[in-house]
Amino acid sequence: MANICYFEIPVNDIARAQAFYAQLFDWRFEKMPGTAPEFDYWSVDTGTPNEPGVAFGGMMKRQAPGHQVTQYVSVTSLDRSLEKAQSLGATVLVPRTAVSGKGFFAICRDLDGNPFGLWECDMSAE
């Protein structure tokens, strides 16, 4: 079974959103090195790997109106999963993209217009 492994929260005001989630859930935030200032990407630490339901995430400045929270599902083969998603009617919004030294992702839209991400871990990604 594929599991949700990551999430991204787009926000209008980074500082306000971080204060909200830190106070509500005790989440911690760290600016991702090497990201462009206009992208303003932050990692979200939601707990320790020993806690049930823990997922790591990201927070970014909203890129466009309608930019929604995206959950990423860990898959063993991004290419096969993309092919299967498309055969079932999904639309690819962001094609296979490398995250250097970490893996590959793609973002799709399901039949009801909801975004979801696919993630393949691969430390040799460039």
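Trainee: How many residues line the second largest pocket, and which of them lie nearest its centre?

Mentor: In this predicted model, 14 residues line the second largest pocket, and His67, Thr70, Leu93, Ile107 and Pro115 are nearest its centre. A pocket is an open set of points on a 1 Å grid over the protein atoms alone, where a 1.4 Å probe fits, with protein on both sides within 12 Å along at least five of seven lines; lining residues have an atom within 4 Å of a point. E6 and E7 are the elements that give two or more residues to this lining; strands are DSSP runs of E, at least two residues long, numbered from the N terminus. Local features need pLDDT of at least 70 and side-chain atom pairs 80 or more, while totals for chains, interfaces and linings use all residues. Residues are numbered from 1 along each chain as its sequence is written, and side-chain values use heavy atoms, leaving out hydrogens and water.

Trainee: What is the make-up of that lining by class?

Mentor: The second largest pocket has six nonpolar, six polar and two charged residues in its lining. Here Ala, Val, Leu, Ile, Met, Phe, Trp, Tyr, Cys and Pro are nonpolar, Asp, Glu, Lys and Arg charged, and the others, including Gly, polar.

Trainee: Which strands each supply at least two residues of the lining of the largest pocket?

Mentor: Those strands are E1 (4-11), E3 (42-45), E4 (56-61), E6 (91-99), E7 (103-109) and E8 (115-121). The lining of the largest pocket divides into 17 nonpolar, four polar and four charged residues.

Trainee: In what order do the strands form the sheet?

Mentor: Strands of a sheet pair through backbone hydrogen bonds, either parallel or antiparallel. In this model, eight strands form an open sheet of mixed pairing, in the order E2-E3-E4-E1-E5-E8-E7-E6; two strands pair if DSSP finds at least two bridges between them. E2 (28-31) and E6 stand at the edges with a single partner strand each, so one side of each has no neighbour in the sheet. Further in, E1 and E5 (residues 70-74) run antiparallel and are joined by four bridges. Tyr6 has Tyr72 in E5 as its bridge partner.

Trainee: Where is Ala2 placed, and with which residues is Ala2 in contact beyond four places in sequence?

Mentor: Ala2 belongs to the segment before E1. Beyond its neighbours within four places in sequence, Ala2 is in contact (heavy atoms within 4.5 Å) with Val73 and Ser74. Ala2 and Ser74 are 72 residues apart in sequence, yet their C-alpha atoms are 5.9 Å apart in space.
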